[in-house]
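Here's a quick tour of one model, with the ligand site, a helix and a strand residue as stops. Have the sequence and the 3D view open as you read.

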Amino acid sequence: MVTTQQSICRFCHAQCGVWVDVENGAPTALRGDKSNPVSHGYACLKGRELPTYHTTDERLRHSLRRDEQGELQPISSETAVTEIAERIQALRDRYGPRSVAIYIGTHGYNNLATAALALAWMEAIESPMVFTSVTIDQPGKAVTSGLHGVWMAGCTYMDAADSWMIIGANPIVSMLGPVNPAYQINRARKRGMKLVVLDPRRTEVARLADVHLQLRPGTDPIVLAGMLRIILTECLHDAAFVDTHACHFDQLVTTVEAFTPQFVAERAGVAEEDLVKAARLYAQGDRGVATAGTGPNMSGHGNLTEYLAQVLMTVCGHWLQAGDPVPNPGVLIKRLEPRAQALAASPAWGFGEQLRIRNLTDTLAGLPTAALADEILLEGEGQIRALINIGGNPLMAWPDQLKTQAALEKLDLLVSIDPAMSGTSIMSDYVIAPTLTFEADSNTALQEFLASIPSWGYSQPYAQYAPAICEPPPGSDVIDDWKLFYRLGQQMGLALKPKPVSLMMIPPEADAAAIELDMENELSTGELWDRLLEGSPIPYETVKQHREGRLIDLPDARVKPMEEGWTGRLDVGNHVMLGQLEILGKSTPHDDYPDYAFRLVSRRLADIHNSCWHRNTTLTRRYTYNPAFMHPADLDELGLKSGDVVEITSPRASILGVAEAASDLRRGVISMAHCWGGVPGSPEDPHIDGGNTGRLTATDRDFDPHTGIPRMSAIPVNVCAQDQTK
Ligand SMILES: Nc1nc2c(c(=O)[nH]1)N[C@H]1C(S)=C(S)[C@@H](COP(=O)(O)OP(=O)(O)OC[C@H]3O[C@@H](n4cnc5c(=O)[nH]c(N)nc54)[C@H](O)[C@@H]3O)O[C@H]1N2
Ligand SMILES: Nc1nc2c(c(=O)[nH]1)N[C@H]1C(S)=C(S)[C@@H](COP(=O)(O)OP(=O)(O)OC[C@H]3O[C@@H](n4cnc5c(=O)[nH]c(N)nc54)[C@H](O)[C@@H]3O)O[C@H]1N2
Ligand code: SF4
Ligand SMILES: [Mo]
């Protein structure tokens with residue numbers, strides 16, 4: 001019997017609304033829901049394969065434990081939890097709470113209930129060592145909210161914007177930002193929205209742009225400063241907005257003075273007229289967004305790029321203003337009151353836990369994950385000895401793969417929650433086999449929460465509820481990820497007090513409303529969600545009545561004017577950021593690694609999500625590995641052709657890759673997806689395993705002094721044909 005059910009794809013943060021066929025209790029096919037008002041029928045190949053992940057033989061159906069011979073053997077989840085609790089208790093008693101860390105990876109976030117319980121458990125064991133993928137992704141975003149301050153009314157969405165600037169992101173493939181970006185961008189362009197894209201590659205989204213600046217990797221702040229200078233010189237900025245709502249404007253004006261169109265064109269390798277056109281197009285119009293992606297966040301000046309993007313929005317007065325309609329007042333997640341006023345800048349780093357490495361501290365983006373391997377390796381008081389990896393894959397994803405491998409090997413206890421034998425699962429002492437998307441209740445809270453980032457989230461009040469639609473495979477012993485933390489709490493005699501997800505965007509309110517969980521009687525995942533969404537603007541009960549995902553009819557809301565006597569200002573002249581910019585404006589040579597002819601930049605492959613399911617034959621119908629894309633003229637010059645195996649060498653290490661001609665690249669750039677490659681030290685076939693770009697990076701070189709993120713894009717490399725004699 002086949003039934004067809006509405007649900008949410010939870011394979012990435014986009015959370016598209018979908019239809020799923022369930023046959024004899026197992027999901028068999030997935031299609032985008034054409035009637036869905038936000039995803040409009042979109043479902044990518046990764047999502048269409050989601051049913052397969054539930055049923056593939058590759059999926060773990062039981063948890064695993066490393067035996068005395070070092071082999072991973074099946075174990076009941078109950079025994080696994082009991083043993084893990086004992087081992088963590090022992091480490092904590094002997095070495096203190098700081099010896100226990102968690103890492104929340106992308107699939108930890110895709111399941112917000114798990115993140116909430118993991119954080120509650122860490123609080124209960126009193127360990128501050130919470131790391132996430134955010135600090136090796138786009139840490140500049142959270143940091144900027146402190147450096148620049150936050151505009152309480154937020155910004156416009158693509159359906160109403162006059163201009164939009166995308167700085168090193170490719171949302172049509174990555175879904176960074178709005179849901180179904182291709183649909184939204186095409187519609188907005190038809191309406192007249194102007195699109196500017198900065199990317200060394202002519203990406204899918206760059207092809208739709210009014211101006212594409214195909215800049216040298218890592219030169220984004222130079223280009224943005226140049227655009228600011230043009231906007232200010234031509235008086236295209238919103239002087240009244242700046243006067244009322246910004247501070248340190250004069251310092252900004254002085255600092256961008258050095259970034260003449262000629263200087264920028266020479267440094268960034270773009271045409272002066274394109275730069276001027278881009279600045280004018282972005283500044284025209286009343287409402288706009290400048291948003292950055294992973295590329296520039298990883299290429300050496302991430303905080304500065306993100307900061308300047310928001311400074312551009314502020315200088316142009318592009319934020320929502322008093323009287324503007326509020327696009328989405330919040331459905332499952334409460335937002336800041338939409339007022340035309342600024343929450344002043346606040347410390348972005350330098351508080352909370354002090355790391356023992358590179359003087360790093362906690363930050364608004366969280367503890368620097370790039371320092372986690374060192375914190376495990378560095379002996380002495382405070383050393384991390386146990387790590388729980390929640391839906392992430394450190395061995396493949398963290399920078400400096402060789403150091404990561406050494407660190408994971410050194411741990412006394414490594415636990416992964418993962419449905420697959422990932423590179424990290426293979427190294428783990430325990431692998432907890434989780435339920436997958438369609439086996440547990442969920443909802444669209446995650447995508448709604450992402451609205452804390454300008455331009456992300458739903459542009460209308462929208463929510464969807466998705467109850468479980470199938471059971472785990474017969475005979476399996478899998479648990480909902482969050483239950484690991486609940487049950488560890490039970491075993492260790494702790495009371496867990498998770499923060500409501502409904503209040504996540506307002507941390508003080510979430511802290512004050514921590515939920516007392518009954519530690520005797522375990523809730524179902526659905527019941528847990530009921531608790532986690534208490535206090536949501538629209539009662540979760542109401543949302544649950546509609547499984548189809550729908551727009552919520554709310555009374556017309558407008559942005560309120562600034563409160564009388566309000567003093568908060570957006571800081572457009574943060575001294576640390578302007579200090580960094582000033583150095584880039586000096587006339588030192590731009591080539592920081594003259595001995596390395598190429599810069600390797602990151603990218604996403606359309607059909608593969610990070611390190612997930614690389615052996616799925618449908619996902620790999622185009623690429624079974626991550627090609628090393630290079631400009632055809634660069635290949636010619638090196639006497640190489642598509643399909644040749646090349647050795648790519650950075651100051652840190654060498655990897656093998658398979659060259660592929662790509663005329664959409666700027667010359668001198670190699671573009672390669674991350675999270676591929678085999679286990680270092682084992683035989684690797686670049687046609688099967690691909691190459692791990694993280695191995696080329698070093699955590700103690702070219703790193704951001706605050707978030708610790710090293711250069712993971714714009715990596716200096718040389719390329720040559722593989723030395724067959726090795
Ligand atoms: N050089 C370089 N390095 C990079 C990047 C780059 O661009 N360049 N990108 C960085 C970025 S942006 C990120 S986010 C990180 C990625 O960092 P991670 O999140 O650490 O890596 P993923 O590969 O996304 O790991 C996902 C894991 O979750 C498992 N999984 C799949 N489905 C489920 C599920 O339903 N439940 C659970 N529990 N697990 C599941 C998969 O098997 C996989 O092992 O990599 C970073 N590293
Ligand atoms: N299909 C697919 N979708 C994904 C993922 C995936 O692996 N596959 N991963 C998910 C994750 S974890 C994340 S964080 C998001 C990321 O989402 P995005 O940030 O949109 O990721 P990319 O598509 O890699 O786009 C980054 C772009 O930056 C460019 N770039 C590299 N270096 C520089 C630079 O120095 N300056 C500029 N201006 N551009 C540069 C690259 O050429 C690339 O086009 O995608 C998510 N979605
Ligand atoms: S974009 Fe993300 S949520 Fe949508 S179908 Fe693809 S994987 Fe699923
Ligand atoms: Mo990411």
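How many residues does helix H3 have, and how far does helix H3 reach from its first C-alpha to its last?

## Ground rules

This is a predicted model, where local features need pLDDT of at least 70 and side-chain atom pairs count only at pLDDT 80 or more, while totals for chains, interfaces and linings use all residues. Residues are numbered from 1 along each chain as its sequence is written, chains are lettered from A and ligands numbered from 1 in the order written, and side-chain values use heavy atoms, with hydrogens and water left out.

## Helix H3

Back to that helix: H3 (residues 77-95) has 19 residues and reaches 26 Å, close to the 27 Å expected at 1.5 Å a residue (1.5 Å times one less than the number of residues). Helices here are DSSP runs of H or I, at least four residues, and strands are runs of E, at least two, numbered from the N terminus.

Buried residues in H3 include Ile84, Ile88 and Leu91 (buried is under 20% relative accessible area, 1.4 Å probe, protein chains only). Just after H3, Gly96 takes a positive phi of about 95 degrees.

## Around ligand 1

A backbone N or O atom of Ala397 sits 2.7 Å from a nitrogen of ligand 1, and a polar side-chain atom of Asp481 is 2.8 Å from a nitrogen of ligand 1. Ser611 has a side-chain N or O atom 2.5 Å from a ligand 1 oxygen.

## Ser602

Ser602 belongs to strand S25 (residues 598-603) and is buried, with a relative accessible area of 16%.

Definitions and conventions: Buried means under 20% relative accessible area, exposed over 50%, partly exposed in between (1.4 Å probe, protein chains only). A polar contact is a pair of N or O atoms within 3.5 Å; within protein, one must be able to donate a hydrogen and the other to accept it, and residues adjacent in sequence count only if both atoms are side-chain atoms.
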